[in-house]
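This report is meant for a reader new to the structure. Please look at the sequence and the model before reading on.

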Amino acid sequence: MPRLQEIRANLVDRLQEAKEQGWLGEVAAIETTMAAATQKLEAMRERATQPSTVHLGMPDIRRDTGRSSADAETAFPTGPKLRG
């Protein structure tokens, strides 16, 4: 954010010079760039006020994969079954 603030401040100086020199195309381009920089700074400030962590909860692996433990045994047998 500090770098973007610095860039925007530089654009203000460049805009002043472009207006003084009558560089209309440059004025329009700088104004467009300044508007984008201002919008980005506002978004960054807004984001900075929001919490930075999100609680996602604990996943339920069986539910999330759609398999039960019986399905897993069929898909991935562990070896011969002992009878007796």
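Predicted model: local features only at pLDDT ≥ 70, side-chain atom pairs only at ≥ 80, totals over all residues.

Residues are numbered from 1 along each chain as its sequence is written, and side-chain values use heavy atoms, with hydrogens and water left out.

**The chain**

The chain has 4 helices and 0 strands, in the order α-α-α-α along the sequence. Helices (H or I, at least four residues) and strands (E, at least two) are DSSP runs, numbered from the N terminus. Of the 84 residues, 11% are buried, where buried means under 20% relative accessible area with a 1.4 Å probe, counting protein chains only. The exposed surface comes to about 7400 Å², and carbon and sulfur atoms supply 55% of it; these areas come from the Shrake-Rupley method with a 1.4 Å probe. Among contacts (heavy atoms within 4.5 Å) with a separation of 6 or more, 42% join residues 24 or more positions apart.

**Helices α1 and α2**

The axes of α1 and α2 come within 9 Å and cross at roughly 160°. Each axis is a line fitted to C-alpha atoms, for helices over the stretch in contact, and angles run from 0 to 180 degrees between N-to-C directions. The two helices are therefore roughly antiparallel to each other, a term for angles over 145 degrees. Residues in the contact include Leu4, Arg8 and Val12 of α1 and Thr33, Ala37 and Leu41 of α2.

**The core**

The largest nonpolar core consists of 6 residues: Leu11, Leu15, Ala18, Val27, Ile30 and Met34. Such a core is a set of buried Ala, Val, Leu, Ile, Met, Phe, Trp, Tyr and Cys residues joined through side-chain atoms within 4.5 Å. The elements giving two or more residues to this core are α1 (2-21) and α2 (24-48).

Val27 is found in helix α2 and is buried, with a relative accessible area of 10%. Between Val27 and Arg14 the C-alpha to C-alpha distance is 8.5 Å, and the two are 13 residues apart in sequence.

Note on methods:
Buried < 20%, exposed > 50% of the residue type's maximum accessible area, 1.4 Å probe, protein only. Parallel < 35°, antiparallel > 145°, perpendicular 65-115°, else oblique.
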